[in-house]
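Visitor: I am new to this structure and would like to be walked through a few parts of it, step by step.

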Amino acid sequence: MLDAEVRELMQPFVLSDYQVQEVYSRFCLEVARGLKRSTHPQANVKCFPTYVQDLPTGDEMGKFLALDLGGTNFRVLLVSLKGHHDATVDSQIYAVPKDLMVGPGVELFDHIAGCLAKFVEKHDMKTAYLPLGFTFSFPCVQLGLKEGLLVRWTKGFDCPGVEGEDVGRMLHEAIQRRGDADIAVVAILNDTTGTLMSCAHRNADCRLGVIVGTGCNACYVEDVENVDLLQAEFKRTKRQVIVNAEWGAFGEGGQLDFVRTEYDREVDEKSINRSEQLFEKMTAGMYLGNLVRLVLLRALERRLIFKQSSRRPEFASVLQKNPEVFETRYISEIEDDSFPEFASTRKIVKQVFGLEKASVEDCQTLRYICECVAKRAATLVAIGVSGLVNRTSNRRVIVGMDGSVYRYHPKFDAYMRQTLQKLVKADKEWDIMLSEDGSGRGAALVAAVASKSK
């Protein structure tokens, strides 16, 4: 049985119906502010138009490259589209060395261009003309389909010389400097747009793309007359456009202060982007493990966990010294564990604290802490999804999902559905779909659709 004091400790993470409804109203207001030119500068949810106006039909054919940069690794993909909703994908993952994540931007793009050249050579495509869709998963202002200005770095990147610059041009120039492959950057998108496109390739009702991984963001299909920032010529020919919500920044105007905990505040204060991306810091994989770590510290202080062990001060010092010691993936593994054996949980406890045999009670306490942190994250994501589903003009809406937290957490989907059932309008039919090959395949599809419309 769980200690009443443990429930009390975790109470700040349990959102009441009133809080859920209030966050929902505030979020919807921010989206409306982000879409209007007059309020856009003050809005936290920026709602940038992506200039992607055509969804795939499934009939696309040809070979396309995709590059997916959004974290400490990036992927290069060769996507062969065969019509009839069919595609084959060859891909390779390349690392971004730590020093390149904070070194000059030119060096980062030169590294990427070098990996692209190696990949193309390996697939005997050096002489082929290859249109490339570039998934760049950082906040960008799009000026067109292949022009995107980086607003600010997130996810531990901080390369000087890139903020305010066109990342499509920087990649193009790096490819040109090498001159050993015929690659044309035809589209820039972020991973949410890639996810939406990838799912729309398989299901025509997909209208949202959501990522809950290292970071957290969403995009959705909006009617052009509601998107003030979209230039007039793009409103004449098409009815809709994909909008990149950039909802990770929701809360920067104080909208989430009434549900943020002391742990959220500490995570924010010690981050490299203080007071920014507050919604992301409550929902994304980069931060969830750290939240659990801080709660564990408080639980140790109050003798709510590992009560029987004389090594509690030693455990506290392990947690204090290393903010990354409790990895986010542990949350998924612990919630997936079986009672009363708790084999995975005990293994994690041994790995983190060196404790040979955690009691069943300790394992239950740890699982409850993880559950509360993950459930709150899923509830917040579902609040945002509900707001965007309710905005779309389609009656039937598929939500395309990707990202390691959503993909690997055993209950994230179920937690989300509980909240969606409360908030999505009764006249909407909705479902959630896991993206296959996620944003990579989506980037190739944007490149294919862009090449076709040319």
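Visitor: Is Asp182 buried, partly exposed or exposed, and which value decides that?
Guide: Please keep in mind that this is a predicted model. Asp182 lies in the loop that runs between helix H5 (167–178) and strand S8 (183–189). Buried would require under 20% relative accessible area and exposed over 50%. Because the relative accessibility of Asp182 is 39%, this residue counts as partly exposed.

Visitor: Which residues does Asp182 touch, not counting residues up to four places away in sequence?
Guide: A touch here asks for heavy atoms within 4.5 Å. With residues up to four places away in sequence left out, Asp182 touches Lys126, Ala128, Tyr129 and Leu130.

Visitor: How many Å separate the C-alpha atoms of Asp182 and Gly156?
Guide: Along the chain, Asp182 and Gly156 are 26 residues apart.

Visitor: How are H2 and H16 oriented to each other?
Guide: Helix H2 (residues 17–35) and helix H16 (residues 412–423) pack at an angle of about 70 degrees, and their axes are 12 Å apart. The contact involves Asp17, Val20, Gln21 and Tyr24 from H2, together with Thr419, Lys422 and Leu423 from H16. Since angles of 65 to 115 degrees fall in one class, H2 and H16 are therefore roughly perpendicular.

Visitor: Which feature does UniProt place at residues 5–200, and how far apart are the end C-alpha atoms of that span?
Guide: The unreviewed UniProt entry places the feature "domain: Hexokinase N-terminal" at residues 5–200. That span is 36% helix and 27% strand, and its end C-alpha atoms lie apart by 47 Å.

Note on methods
Residues are numbered from 1 along each chain as its sequence is written. This is a predicted model: local features need pLDDT of at least 70, side-chain atom pairs count only at pLDDT 80 or more; totals for chains, interfaces and linings use all residues. Side-chain values use heavy atoms; hydrogens and water are left out. Axes are lines fitted to C-alpha atoms, for helices over the stretch in contact, and angles run from 0 to 180 degrees between N-to-C directions. Helices (H or I, at least four residues) and strands (E, at least two) are DSSP runs, numbered from the N terminus. Angles under 35 degrees count as roughly parallel, over 145 as roughly antiparallel, 65 to 115 as roughly perpendicular and the rest as oblique. Buried means under 20% relative accessible area, exposed over 50%, partly exposed in between (1.4 Å probe, protein chains only). UniProt positions are given in the numbering used here, feature names are shortened, and annotations may be inferred rather than shown by experiment.
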